[in-house]
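Let's take a friendly walk through a protein model. Keep the sequence and the 3D view open as you read.

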Amino acid sequence: MGAMTVVHDEVVPARSPWSHTLAAGDHLRIVDLEGNQAVDFLAYVAADPVERYSAPDTIAARGNIFLTTGSVLMTNRGRPLLTIVDDTCGRHDTVGGACSCESNTVRYGHHTKHQHACVENFLLGGAPHGLGKRDLQSNVNWFMNVPVEADGTLGIVDGISAPGKVVELRAELDVLVLVSNCPQINNPCNGFDPTPVRMIVTRPT
Amino acid sequence: MPDTATTYGARAHARAQAGSAVTTQPTVPASSLADPPPRVPAGDVVWEETIGTGGYASRAVPRGTRVRLVDVDGDTCAGLLLHRADRPAERLNVADTVKLQWQAYPGPGYLLLSDMGRVLATLVEDTCACHDTFTGTSNPLDNQRRYGDGSAYGPTPSGRDRFVVALAKHGLTERDVAPNVNLFTGVRIEPDGAVTLRRESHPGAHVVLRAELDLVVTVVAVPHRLDPRPQYTAGPVRITAWRGSPAEPDDPARRSSPEATRAFENTDEEAGPWAR
């Protein structure tokens with residue numbers, strides 16, 4: 001790998017949306033600053049966002065539901081979108097999707113309806129790019145731990161991340177990234193305490 | 001040679017074709033089917049159609065409708081998508097489906113949930129119980145590599161392209177092709193996260209879905225993308241749908257888990273039981 005120059009460096013506050021367009025070849029380094037912070041992540045081909053990150057295409061191409069170094073995030077049309085070039089956490093989730101106000105009522109009770117949720121962030125963050133509800137599909141959850149038992153039982157359990165753990169992605173195309181820094185407080189995906197994450201974009205020089 | 005040189009001849013030729021039958025087609029009217037499901041009056045059958053290898057079918061059905069899918073030869077993979085008929089931005093969400101039920105492997109009594117915390121359909125019968133909520137359906141590049149042709153109009157179309165054209169007839173686009181469930185060809189997840197294919201269906205295996213809201217039901221019969229066979233293999237899927245009622249207040253599906261109870265509560269808030 002040649003020299004890289006930092007072109008963007010930003011701390012995303014707890015509970016907030018974030019979006020950024022990467023040029024092909026850019027790297028996005030996501031830093032779990034305080035540990036066990038789920039980062040809900042969608043990605044779209046910048047030139048034609050109907051082509052986007054697809055969990056099933058990624059799982060099928062990889063033959064595994066967990067992501068780590070070397071895993072390639074695939075589009076719904078079968079093209080490589082992003083490649084994981086570094087991962088100090090170990091594995092990340094492709095299955096659990098994003099929390100929503102509505103799903104929270106099913107999971108935790110109707111009293112959670114008005115709590116902030118990742119789908120709210122995706123809608124808020126996507127709208128300036130012309131993306132709406134129909135554009136939200138199964139997302140990556142960086143730093144989130146979702147095992148599947150032999151009998152099919154699955155769920156979000158205590159994380160395996162820690163302060164300073166990172167995952168770094170290389171854009172294979174020009175990519176619009178849409179993130180929700182997860183605000184969930186009813187399960188261990190954020191250690192019951194949503195915290196900031198840092199986004200560092202570097203470019204080959 | 002038929003006489004099609006004139007409008008009169010062409011008309012006669014066209015009309016003479018009616019009454020032909022093939023193995024993969026709709027039965028119209030559906031109530032004329034020869035073998036209605038057990039205890040179902042033929043007059044209640046509203047949709048009867050068999051799709052073949054690479055085929056698709058899609059229909060709007062009112063809530064309460066039962067939709068039976070049969071793996072005729074025991075060797076198919078039926079990709080399934082569900083959208084709300086009256087507001088299709090609400091649709092099957094496989095992530096919420098597996099997460100909210102704490103269960104990734106569908107079987108009898110399993111719920112198919114929307115992205116709005118509601119029940120779209122209940123799996124009221126399932127004689128296969130080996131399905132797939134993880135790997136979705138093939139894309140054109142997959143099929144180009146696997147079978148030498150991934151075109152939507154060729155002999156080995158992708159499930160994605162089948163869904164695109166099926167949904168286009170409801171005014172929807174590729175944006176609406178969400179991750180789907182596969183029926184009759186399943187996967188299991190190993191402890192290290194690896195995905196393994198399971199083929200445990202049998203001739204005549206079936207599932208019956210009960211629509212809990214007004215739905216667009218879309219089915220494609222394409223090979224499972226992890227099926228290692230070099231031939232494009234997906235046997236016929238028979239679809240039979242009949243009138244019925246959505247989950248009654250005492251339906252066991254409502255009490256199968258606290259999450260199911262609340263998902264049905266959210267569904268009732270939207271559509272009944274006052275709306276029946």
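## A strand on the inside

Strand S10 of chain B (residues 205–211) has seven of its seven residues buried, so it is largely enclosed by the rest of the structure. Here a strand is a DSSP run of E with at least two residues, a helix is a run of H or I with at least four residues, and both are numbered from the N terminus. A residue is called buried if 20 or more other C-beta atoms lie within 10 Å of its own, exposed if 12 or fewer do, and partly exposed in between, with C-beta atoms placed from the backbone.

In a regular strand, side chains alternate between the two faces of the sheet. On one side of S10(B) you find B:Ala205, B:Val207, B:Leu209 and B:Ala211, and on the other B:His206, B:Val208 and B:Arg210; all are buried, and both faces are covered.

## What the model is

This is a predicted model, in which local features need pLDDT of at least 70 and side-chain atom pairs count only at pLDDT 80 or more, while totals for chains, interfaces and linings use all residues. Residues are numbered from 1 along each chain as its sequence is written, and chains are lettered from A and ligands numbered from 1 in the order in which they are written.

## Neighbours of the strand

Which strands pair with S10(B)? One is strand S3 of chain B (residues 66–71), antiparallel over six bridges; pairing requires that DSSP finds at least two bridges between two strands. In this pair, B:Val70 has B:His206 as its bridge partner. Another is strand S6 of chain B (residues 119–126), also antiparallel, over five bridges. Here B:Ala121 stands opposite B:Ala211.

## Another enclosed strand

Six of the seven residues of strand S1 of chain B (residues 45–51) are buried, so this strand is largely enclosed by the rest of the structure. S1(B) pairs with strand S12 of chain B (residues 237–242) in the antiparallel sense, over six bridges. Look for B:Thr50, which stands opposite B:Arg238 in S12(B).

## Chain B as a whole

Stepping back, chain B has five helices and twelve strands. Its radius of gyration, taken over C-alpha atoms, is 20 Å, close to the 19 Å that the globule rule (2.2 Å times the number of residues to the power 0.38) gives for 276 residues, so chain B is as compact as a globular protein of that length. Buried residues make up 50% of the 276 residues in chain B.
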